[in-house]
Amino acid sequence: MSSTQLADRLEAVAAELRAYPTPTDALRLLQGLSNAIDAEKVVLVAEVDEHRDFEAEGCSSLKNWLRDQLHLDGRQAGQLVRSGRTLRDMPDLESLAVEGAVSLDHVDAFTYAAKHIDPMVVEQCMNPLLDLATHAAPTTVRQAVKKLRATAHPDELDEAWIKGMDRHDLKVSVVGDGVAVTGFLPFDTGTKLKTVLQSLSAPTCAEDDRPVSIRRVTALDALLSSVLDSGLPQDKGVRPHVDLTVDLSRLAHNPETATAELAGFGTIGPTQLQQMLCDADLTPILTAGRHAVLDVGRTHRLATPHQRKAVVNRQGGTCAGPGCHGPVVHVHHVEYWSDGGPTDLANLIGLCPRCHSAVHQGFFTIDPDTHQTHRTLRTQRTSTRRARAG
């Protein structure tokens with residue numbers, strides 16, 4: 001369509017609008033005209049590119065000129081440039097664009113097809129794709145193009161899957177006043193997560209007007225709570241928990257101003273503390289002195305659930321082995337039970353499986369008073385093993 005033809009069409013549409021059509025008819029007219037105008041922009045941009053007219057106005061590239069003179073963002077400028085090449089190579093699509101039957105977002109789907117699918121395959125499927133473009137949304141056309149690509153080039157799907165393995169990651173980081181979750185999941189894992197969150201975040205009733213973002217976060221919390229309630233194998237039958245350290249005397253004296261330390265995050269305020277305490281199972285953990293519940297002497301060989309929680313809390317959830325940052329899995333007697341050591345909090349220390357094996361093999365020792373660990377020289381380890389063997 002030439003500029004003159006577009007001007008004639010503008011006048012024709014203006015005349016139809018002055019005839020007061022129904023709102024639905026008016027919208028159809030305007031959308032078709034908008035598409036036609038966008039197609040004319042593409043033609044003109046291609047001419048500017050061909051004759052390098054942007055250089056005469058002091059711009060180093062066509063996209064810079066579009067941003068500077070038409071105040072377009074990078075996405076809009078790129079779309080105009082890409083669409084010019086696509087319409088030049090696909091005359092039937094160009095005709096539909098000039099008529100206003102398809103938008104530039106539809107054209108983008110064909111640009112994707114030209115880039116990722118064998119030209120002969122695209123040519124064979126052109127008529128069905130053009131028909132779809134005149135009756136469906138751009139996203140539907142793009143989905144059809146992607147499906148065509150998958151059918152025509154199935155090996156590329158496996159290549160993308162293998163390439164994506166290098167990007168698999170999941171990070172949970174404390175940022176400012178919350179926790180940021182970032183990462184890249186494989187297709188199967190991501191689909192599982194999306195399916196579960198969609199199910200759990202659905203509105204609970206007709207009156208549920210919570211924003212979808214709130215419902216998603218609530219759904220994730222419900223998912224994590226269900227896992228924690230079931231317990232994890234490495235916790236030896238103790239349900240996983242979050243450590244929340246509270247000064248009980250301050251909480252009892254003035255609960256409206258009491259704060260707490262949330263493990264892995266930091267200090268939380270009184271309102272959040274009250275909410276967490278409302279739903280929590282409380283385990284008292286003594287931070288100084290002794291407590292009868294946490295000291296069972298020789299009546300029990302294995303650490304009690306309360307003792308395990310106390311040890312994990314005392315060590316910040318980290319193995320006490322020298323230089324180790326693994327999780328606490330085993331609660332170890334500093335003075336061995338077989339040597340008469342009691343199952344008291346002062347005689348218990350948390351270790352990961354590897355460090356637990358290392359201390360029994362004599363690779364390091366534990367100070368019974370300070371619980372500090374010290375690496376053992378090879379000769380000392382040999383002597384220790386011989387002495388214990390004897």
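## The main core

The largest nonpolar core holds 35 residues, and the ones with the most contacts inside it are Leu62, Leu66, Leu80, Leu93, Phe110 and Val145. A nonpolar core here is a set of buried Ala, Val, Leu, Ile, Met, Phe, Trp, Tyr and Cys residues joined through side-chain atoms within 4.5 Å. Buried means under 20% relative accessible area, exposed means over 50%, and partly exposed falls in between (1.4 Å probe, protein chains only). At least two residues of this core come from each of H2 (23–51), H4 (62–69), H5 (74–89), H6 (91–99), H7 (104–116), H9 (126–133) and H10 (138–152). H7 gives the largest share, six residues.

For contacts, the cut-off is heavy atoms within 4.5 Å. There is also a second, separate core of eleven residues, including Ile349, Leu351, Ala358 and Phe364.

## What you're looking at

This is a predicted model, where local features need pLDDT of at least 70 and side-chain atom pairs count only at pLDDT 80 or more, while totals for chains, interfaces and linings use all residues. Residues are numbered from 1 along each chain as its sequence is written, and side-chain values use heavy atoms, with hydrogens and water left out.

The protein chain has 18 helices and nine strands. Both are DSSP runs numbered from the N terminus: helices are H or I with at least four residues, strands are E with at least two. Of the chain's 390 residues, 31% count as buried. The chain exposes about 25100 Å², with carbon and sulfur atoms supplying 55% of that; the areas come from the Shrake-Rupley method with a 1.4 Å probe, and for residues only the protein chains shown count as cover. Take the contacts between residues at least 6 apart in sequence: 47% of them join residues at least 24 apart.

## Helix H7 up close

Back to H7, then. Its buried residues are Leu104, His106, Val107, Asp108, Ala109, Phe110, Thr111, Tyr112 and Ala113. These buried residues pack against H2, H5, H6, H8 (119–124), H9 and H10. The length of H7 checks out too: at 1.5 Å a residue, its 13 residues should span 18 Å, and its end C-alpha atoms are 18 Å apart, which agrees. (The expected span is 1.5 Å times one less than the number of residues.)

Lys115 also lies in H7, but this lysine is exposed, with a relative accessible area of 69%. Lys115 and Thr86 are 29 residues apart in sequence, yet their C-alpha atoms are 9.9 Å apart in space. Over in H10, Thr151 is exposed as well, at 63% relative accessible area. Between the C-alpha atoms of Thr151 and Ile117, 34 residues apart along the chain, the separation is 9.9 Å.

## Hairpin and sheet

Strands S1 (residues 169–175) and S2 (residues 178–184) run antiparallel and are joined by seven bridges. Two strands count as paired if DSSP finds at least two bridges between them. Asp169 stands opposite Phe184, and Ser173 stands opposite Ala180. S1 and S2 make a hairpin with two residues between them, and Gly176 in the turn has a positive phi of about 60°.

S4 (residues 260–262) and S5 pair through three bridges, with Leu262 opposite Gly266.

## A histidine in H17

His356 is found in H17 (residues 353–360). This histidine is buried, with a relative accessible area of 19%. Setting aside neighbours within four places in sequence, His356 is in contact with His330, His332 and Leu351. The C-alpha atoms of His356 and Val331 are separated by 8.7 Å, although the two residues are 25 apart along the chain.
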